[in-house]
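Q: Could we go through the side-chain pairings and strand partners of this protein together?
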Amino acid sequence: MSNLVANPVCVRAAARTSVNGARVLATSVRRHEEAAAVTRSPPPAVDDSTSALTYRRMMPHRPPPLPVIDLPHVRSAEEAVTNIIYNTPTPSLQPFKKHVLNCLVHNEPGVLSRVSGILAGRGFNIDSLVVCRTEIRDLSKMCIVLRGQDGIVEQARRQLEDLVPIWAVLDYTETHCIERELLLAKVSILGPEYLEEQLTGGPTHAPRCVQHKRSKLEREATLVQQFEHSADREPAGVPLTPSEALRMKSDNLQAIEVLSARFGGRIVDVSEHSVIVEMSGKTKRVDAFLSLLKPFGLIECARTGLMVMPRTPISHVDDGEAEDEGGAVDASLLPPG
C-alpha cells in the first residue's frame with residue numbers, strides 16, 4: 001500500500017522537474033537568440049577618431065591577407081649582357097621637328113638655369129630662347145624653340161610643369177600663331193672687296209691702309225704694276241679716289257635701302273663706311289634677307305629669338321542668321337528708280 005501511495009508523489013515530482021527544465025531551456029535559448037541578434041546588428045556610430053578601429057573590432061571576420069609576391073629570378077652576368085644586347089627596345093621612328101614651348105614662370109633668380117638644366121639633361125639643343133617680363137610684375141614669359149620627337153618633347157614639357165616657379169608650359173607647335181624675329185645687321189657700303197680691311201679697321205670699320213708699312217722698293221713696284229694695268233679694271237685693294245668712293249657708297253646705300261624696303265625693313269643708322277638695317281619677320285624670311293645682304297659685305301648681325309603669340313579665332317555668322325538680317329529691307333530707304 002505504501003508503494004501505491006509513493007508512486008503518485010514521485011510522478012508529480014518528476015512532472016514538476018520536467019516543467020522547470022523546459023522553462024530553463026526556453027530561457028537559455030531566448031537569451032542566446034538575443035545575443036546573436038545583438039552581434040549581427042551594426043555597431044553604433046562613434047564620433048571620435050577611433051571609430052574605424054571600433055568598427056574593425058566589431059567585425060566578425062578579418063580581411064584575407066595580401067598575396068605573396070614572387071621574387072624575380074636572379075640573373076647571371078651572361079643573361080644580363082644578352083638581355084642588354086639583344087632585347088633592347090628599338091629607338092622611336094618619330095621624325096624630328098621644330099617645337100615651340102611657351103612658359104609662364106615666376107620672376108625670380110634661378111628659373112632660367114633650372115629650365116635649361118632639364119632640357120640639357122634630356123639632350124635638347126635650344127635653338128632660341130627669349131625671356132621677357134609680362135604685364136604682371138611678378139610673371140615672366142619664356143619662348144623656347146627646339147627640335148625633337150613629339151613624345152620626348154611632351155615628357156620634357158610635363159617635367160617643366162612640375163617645377164615650382166613655373167605656372168604653365170604650352171606647346172604652340174600645331175597652333176596658328178604669329179611668329180616674329182628681330183634682326184639687326186651691319187652692312188658695308190664700300191662693297192665686298194673691302195670687307196676684310198673693314199673687319200680689321202677697328203670700331204669705325206674704315207679700310208685699313210697698309211701701304212705705309214711697305215718699303216720704298218715695294219711701293220715703287222706697286223706703282224709700276226698699276227701703270228702697266230692702268231687700262232684694265234682696277235684691282236681690288238687699290239685706294240679709291242674720293243669721288244669714286246662717294247659714288248660707290250651712294251649706289252650701295254640705295255641698293256640696300258631698296259632691298260630692306262622689299263622685306264619690310266629700314267635703315268636705322270648710317271655711318272661713313274657702313275649702315276645698320278633693322279628687319280622683323282618669320283625665321284625663314286630673316287634667313288632669306290641675310291642671304292641677300294651677304295653680297296654687299298655683312299660685317300656683323302644680331303638676331304633675337306623667336307617670339308610667338310596665338311591668333312584669336314573669329315566667330316563666323318551662320319548663313320541663316322545673315323539671310324534673316326538682310327531679308328527685310330525698307331523700301332523708303334532705297335534710292336529712286
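**Strand partners and side-chain pairs**

A: Let us begin with a strand residue: the bridge partner of leucine 104 in E4 is alanine 168. Please bear in mind that the model is predicted.

Q: And what stands opposite leucine 104 in E3?

A: In E3, the residue opposite leucine 104 is lysine 141.

Q: How many bridges join E1 to E3, and which way do the strands run?

A: Strand E1 (residues 97-106) and strand E3 (residues 139-148) run antiparallel and are joined by ten bridges. E1 also pairs with strand E4 (residues 166-171), over five bridges and again in the antiparallel sense.

Q: Changing topic: how many salt bridges are found in the whole structure?

A: The search finds nine salt bridges. In general terms, side chains of opposite charge can pair when their charged atoms come close.

Q: Which residue meets arginine 137 in a salt bridge?

A: Arginine 137 meets aspartate 138, with a distance of 3.6 Å from N to O.

Q: Are those two buried or exposed?

A: Arginine 137 counts as exposed because its relative accessibility is 61%, over the 50% cut-off. Aspartate 138 has a relative accessible area of 38% and is partly exposed.

Q: What about arginine 157, which residue does it form a salt bridge with?

A: The partner is glutamate 154, and the closest N and O atoms are 2.8 Å apart. Both residues lie in helix H5 (residues 150-161), three residues apart, which is about one turn of the helix.

Q: Why does arginine 157 count as buried?

A: Arginine 157 counts as buried because its relative accessibility is 14%, and the term applies under 20%. Glutamate 154, at 24%, counts as partly exposed.

Q: Where in the chain are glutamate 181 and arginine 303?

A: These two side chains meet in a salt bridge of 3.0 Å, N to O. The pair links distant parts of the chain, with glutamate 181 in strand E5 (residues 177-188) and arginine 303 in strand E8 (residues 298-303), 122 residues apart. Glutamate 181 is buried, with a relative accessible area of 7%, whereas arginine 303 is partly exposed at 34%.

Q: Which residues do salt bridges with shared partners join into one network?

A: That network consists of Glu154, Arg157, Arg158 and Glu161.

Q: Back to glutamate 181: what polar contact does its side chain make with threonine 283?

A: The side chains of glutamate 181 and threonine 283 make a polar contact of 3.1 Å. The side chains of glutamate 181 and arginine 303 are likewise joined by a polar contact, of 3.0 Å.

Q: And which residues does glutamate 181 touch, leaving out those up to four places away in sequence?

A: Glutamate 181 touches Met279, Ser280, Gly281, Thr283, Val286, Arg303, Thr304 and Gly305.

Q: Last topic, the aromatic rings: how many aromatic pairs does the structure hold?

A: The structure holds one aromatic pair. Phenylalanine 263 and phenylalanine 289 form this pair, at 5.1 Å centre to centre and with 50 degrees between the planes.

Q: Why is that pair called tilted?

A: The pair is tilted because its planes are 50 degrees apart, whereas stacked requires under 30 degrees and edge-to-face over 60.

Q: Where do the two phenylalanines lie?

A: Phenylalanine 263 is in the loop between helix H8 (242-262) and strand E6 (266-270), and phenylalanine 289 is in helix H9 (residues 283-293). The pair links distant parts of the chain, 26 residues apart.

Q: Are phenylalanine 263 and phenylalanine 289 buried or exposed?

A: Both phenylalanine 263 and phenylalanine 289 are buried.

Conventions
Residues are numbered from 1 along each chain as its sequence is written. This is a predicted model: local features need pLDDT of at least 70, side-chain atom pairs count only at pLDDT 80 or more; totals for chains, interfaces and linings use all residues. Side-chain values use heavy atoms; hydrogens and water are left out. A salt bridge is a side-chain nitrogen of Lys or Arg within 4 Å of a carboxyl oxygen of Asp or Glu. Buried means under 20% relative accessible area, exposed over 50%, partly exposed in between (1.4 Å probe, protein chains only). Helices (H or I, at least four residues) and strands (E, at least two) are DSSP runs, numbered from the N terminus. Rings of Phe, Tyr and Trp (its six-membered ring) pair if their centres lie within 6.5 Å; planes under 30 degrees apart count as stacked, over 60 as edge-to-face and the rest as tilted. Two strands pair if DSSP finds at least two bridges between them. A polar contact is a pair of N or O atoms within 3.5 Å; within protein, one must be able to donate a hydrogen and the other to accept it, and residues adjacent in sequence count only if both atoms are side-chain atoms. Contact means heavy atoms within 4.5 Å.
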